[in-house]
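Let us learn to read a structure by asking about it, one feature at a time.

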Amino acid sequence: MVAAKDWKPTERRGLTPPYSIFTKAVEKPQQDDREYRIIKLENGLHATVIHDPKADTAAASLDVAVGHLYDPDDMPGLAHFCEHLLFMGTEQFPKENEYSEFLSKNNGGSNAYTSTSNTNYHFHVATSALSPALERFAAFFHCPLFAPSCTSRELNAVDSEHKKNHQADMWRIFQLNKSLTKDGHPWSKFGSGNRESLSKAGKDLKTKGRLNGADSLKVGGTPSVSHNGSLAPSPIPSRVASPTPSNTSASSEMEADGGAVGRETRRRLVEWWSKEYCASRMNVCVVGKGPETLDELADLVSTLFSPVPNRGQDPLPMINDHPFGPNESGTLVSVQTIMAFHAVEISFPLEYQPPSWRHKPAHLISHFVGHEGPGSLHSYLKNKGWVTSLNSGPQSLGRGFAMFKVTIHLTKDGFDNYRSVVLAAFKYLSLLRSSAFPAWYQSEQSMISQMRFRFSEKRRPEGYAVWIAEHMTWPVPPELVLAAPQLTWEWDQNEKGEQEVKDVLEGLRIDHGRVVLMAKKEEHERLAKVDHWEKEAWYGTGYRVERWPEDFVQQAQGPNDIPELYLPGPNEFIPSNLDVDKRDVSESQKRPHLIRETPLSTVWHKKDDQFWLPKANVVMEIRSPLANASPRAAVLTRLFSELVGDSLTEFSYDADLAGLSYNFGSHSLGLSVLLSGYNDKLSVLGRHVLETVKNLQIRSDRLEVMKEQVKRDWENFFLSQSYRLSDYYGRYMLTDKQWTLEEKLPEVPSVTAEELQAHVQQMLSQVSIRMLVLGNMYKDEAISFSEMAENVLQASPLPTNEVTEHALILPESSDFMWTAPVPNPNEPNSSLTYYLHLGELTCPKTRVAGSLLAQIMSEPAFNVLRTKEQLGYIVFCSSWHLAGSGHFGVRIVVQSERTAAYLEHRVEAFLEGMKATLEDMEPEVFDEHKTGLESKWKEALKNLSEETNRYWAHIESGYLDFLRRHNDSDLLTNVTKEDVLALFLSRVYPSTSTRSKLSIHLQSRKPRPPRISATAARAFENLVRAADSTVDVAGWKEELGGDSPVVVDFVKYWQGALTESAAAPDIVQGLMEKLPTLMSQHPAEGDKVEDQNNNVTRITDIQVFKSSLQVSKPPQPLVEWGDLPGAKL
């Protein structure tokens, strides 16, 4: 408990309600120049306000301590539905997209998520717009409208989100694990929900005659939403009609509220929100700069959030019961996957971990179990050829209970020997239980955590605000809100710390845990005959549960008898030199400088002059024309990169723990190396990585493992969500010299170690190297590093511009379309990637006007195509840079159960409507968009990684336009609405004859259940009304939840309704026989596959299409920097 003396109350000042200030200083990292203050409002809400003098982006997050585990038992998904509907307008700002529109104009954005025990809402915005943004945000928590007109649409949005995840193994296995829970435990709840789970309670009441047509429940009133009891209609309509309405774009309140069933769902939501969304359960974090001071930020939070009511609820509801009971423990669950992979996950019940924040015993255990160095479980299983990766650690399931998990991804041979893999894991746990833990193990963890905390880099404000708001619920002294989750303390002298570790280990036994074995159905049945598979209720995942044989349990409980397993030694990579030569600089440099140029390499460098951390990043690209010369060459290069990483595992693991990491990979131009972390020993890691690259001897056994893994990864890619695939094919069609996965996959099985060794030697014999060194490394150190790289690789030089990336350019006045089926036959969603070419990125005027146009289009595209027209959960519009970064355009992506042709029809209707939006845009609104984009371009770099990414993009492309953002910000001042409109009319507007367009249609092979259109349904109502006046002709909307229901459900409903009304059988039969004719006369939108555009050119041969396009010019530096005397850039 926090002592009362640590809180200082303030008095009311004007409109600012009183609040209390926590008087102790918040413990923060050494380099953190932000001011922190923790306050407590009179309604019980706690807030952390942060003043960042260098911020150019403000942010806020509100975390409420209820999630989907607190859903009513009869309405799964209600907390998630609340997260959706909460954003649909407030009494202060009733327009439903007011919040998103305001943020979009001010370089901002927002999001939210519903977890098990909390729901988090967050946004970022330009610092100057924080106060009005926060005012809009706070209103969601004291006077939301939960607009009835949005009920049906947001039910559809939740349903679409669920369908998006339906074929994703992560979601399927997550829900299966939840369902295999002891009876009555809330962990079993279906958290994401869908339309059916949210409507069933209302439908059941309607069936029992307990709902009427107007006010939902026949008894009891609607609880008030807002603090003052108001649930009055919006003073202006909350729902503005789509500017380009389709037949399904309903705009009346009655059509959109879901009828009696929808109103009941909304009534239950308001009832639940009015109870659960209590101020004392809320934690807020706000990050701002100015004009607000820290005092003013605290006052602002008090003013805006004090209206949130305290409803007298438990501030931090806990679930202290674990979902594992005797029936769940000691079991093996075999689960069928969608994607082709093999994995085993071992889970053990674990106490809620935040109370153990000081010593973090479960983290120490995960340090041992997840270690990849010599003597580790991973090393043993890898040498057996059984695993490709192993991870372990505590996982919080809900507030009050947790799991300790060991997740092992298996090779095919490992899957065949999964019992031996599982047994080895239990043997390692037996080794830990029998081992003593000298205090240096904990001291080492403590030292690494202190070093990481001390030199932590700034994060983006929004993510930082979310993290703090989440962790404010931890049971730690408020001054440790930042430190406690990140630091590990050394053990006390009384050995209590070691005993905490021993206590956790006692629970990590086979009879306490559950093992989940994951693979495709045919793989399970290859190992053992299965007579019957169970089906999980919400996703239909196949599974079976069995208990381990007694002899296996006894083996697993026995002592470790595997001599290859032993505990790790001290970490030799912990840096000893953490010095930083910090100097006063009036202004940080805006770009790196070319410091060395040889026939083999170019080296760019910038000594850190703004973050002052003992860290550095080194990026190196090794280009070779042989790396991607053919599909087979691309396969060989990819396999080599995987084998390098595989061979470095044991060496690099300790380095990674100590804050030194590397990434080695292949791409279309060759190989890339990224080194990052504490500069003290970065060169040691770098030399070892490069020596491995140069000298690796290909082992046939490890090659076979990597071939299996690469083949599986590529095959699984085709089971990704549809929109990822349409984007993939769109980029492929507009990129020169790229190979598809279909071309590469057949090459994998026949690759031999000898062929790969020869390919690597030839590829590395002649290369061109580009290098960037940033951070706490001086010029001479960077030069030494580059000299070391050249000496290790010993390659002949290749002309710098011989290996470059090129785009394929659509001709003017073109309209191309390519259609293909979605590879996964069970994927219900089709997708559209719709690309419009704007021009060259090297043309400043086009680049700036195009970027502004893309920003202006982004929010309306989402609002019209997703929010209003409900096409699907995935909708976005953005600029798209083509390969080589020399050309760009605008791309719109939609994933939906509708046909891809229908999606294109609606996108074009949206673009037709955008013409009026641009023409009618008021000057001040246009200026707001310019200001928002300018703020985005002028955003300061937050950390070394952001700086690296920004500079490397210009080095990699070859344009070296390091000051582009600054120059574009200046150019933006002179861009007019007429400039943007002219670009839109010439390059985007569907009716123009000069635009260049490519659309990718991926069509689902899973037939969409035929639907009846709203027009046909109304015509059938009229027939029923004429034949039998006693029937409630509008009742089907409430029962079926929408204006365009599935035909089977519509027929079933009317057959039942007419029979109940005692209509004569011949009348019923006659009415039903007329339905097909009505459906033919009035077809449902989205069911027509054929596109009506006669001017479109359909692509039938991709290679012929690509060969017809113009190849972009080779990149040339846009600026001659002249850093070296006589440098030829």
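The dialogue below goes from the whole chain to single residues.

Q: What kind of model is this?
A: This is a predicted model.

Q: How many helices and strands does the chain have?
A: There are 37 helices and 30 strands. The radius of gyration is 31 Å, close to the 32 Å that the globule rule gives for 1129 residues, so the chain is as compact as a globular protein of that length.

Q: What does the C-alpha trace span along its principal axes?
A: The span is about 90 × 75 × 75 Å.

Q: How do I read burial, and what percentage of the residues of the chain count as buried?
A: A residue is buried when its relative accessible area is under 20%. Of the 1129 residues here, 60% fall in that class. The accessible surface of the chain comes to about 44,700 Å². Carbon and sulfur atoms hold 50% of that surface.

Q: How far apart are the mean positions of the positive and negative charges?
A: They are 1 Å apart. The chain has 120 positive and 146 negative charges.

Q: How do strands of a sheet pair, in general?
A: They pair through backbone hydrogen bonds, either parallel or antiparallel. Now take a case. Strand β7, residues 119-126, pairs with β5, residues 57-64, in the antiparallel sense over eight bridges. In this pair, L62 stands opposite Y121 of β7. Strand β6, residues 109-114, also pairs with β7 in the antiparallel sense, over six bridges. There, T114 stands opposite T119 of β7.

Q: What joins β6 to β7?
A: A hairpin does, through four residues.

Q: Is β7 largely enclosed or left open by the rest of the structure?
A: β7 is largely enclosed, because seven of its eight residues are buried.

Q: How do I read the order of strands in an open sheet?
A: In the open sheet of seven strands, the order is β11-β12-β10-β13-β9-β15-β14. The pairing is mixed. β11 (387-398) and β14 (534-535) stand at the edges, each with a single partner strand, so one side of each has no neighbour in the sheet.

Q: Which sense does the pairing of β10 and β13 have?
A: The sense is antiparallel, over five bridges. S347 stands opposite R514 in β13.

Q: Which residues of helix α5 are buried, and what covers them?
A: In α5, residues 169-179, the buried ones are D169, R172, I173, Q175, L176, N177 and K178. Their cover includes strands β9 (331-336), β10 (342-351), β13 (514-519) and β15 (542-547).

Q: Which residues have a positive phi although they are not glycines?
A: N107 is one of them, with a phi of about 55 degrees. K737 is another, also with a phi of about 55 degrees.

Q: Where is N107, and is N107 buried or exposed?
A: N107 is in the loop between α2 (98-105) and β6. Its relative accessibility is 8%, so N107 counts as buried.

Q: Where is K737, and is K737 buried or exposed?
A: K737 is in the loop between α23 (722-733) and α24 (741-744). Its relative accessibility is 63%, so K737 counts as exposed.

Note on methods
Residues are numbered from 1 along each chain as its sequence is written. This is a predicted model: local features need pLDDT of at least 70, side-chain atom pairs count only at pLDDT 80 or more; totals for chains, interfaces and linings use all residues. Side-chain values use heavy atoms; hydrogens and water are left out. Buried means under 20% relative accessible area, exposed over 50%, partly exposed in between (1.4 Å probe, protein chains only). Helices (H or I, at least four residues) and strands (E, at least two) are DSSP runs, numbered from the N terminus. Contact means heavy atoms within 4.5 Å. The radius of gyration is taken over C-alpha atoms; the globule rule is 2.2 Å times the number of residues to the power 0.38. Accessible areas come from the Shrake-Rupley method with a 1.4 Å probe; for residues, only the protein chains shown count as cover. Lys and Arg count as positive and Asp and Glu as negative; His and the chain ends are not counted. The place of a charge is taken as NZ of Lys, CZ of Arg, CG of Asp or CD of Glu. Two strands pair if DSSP finds at least two bridges between them.
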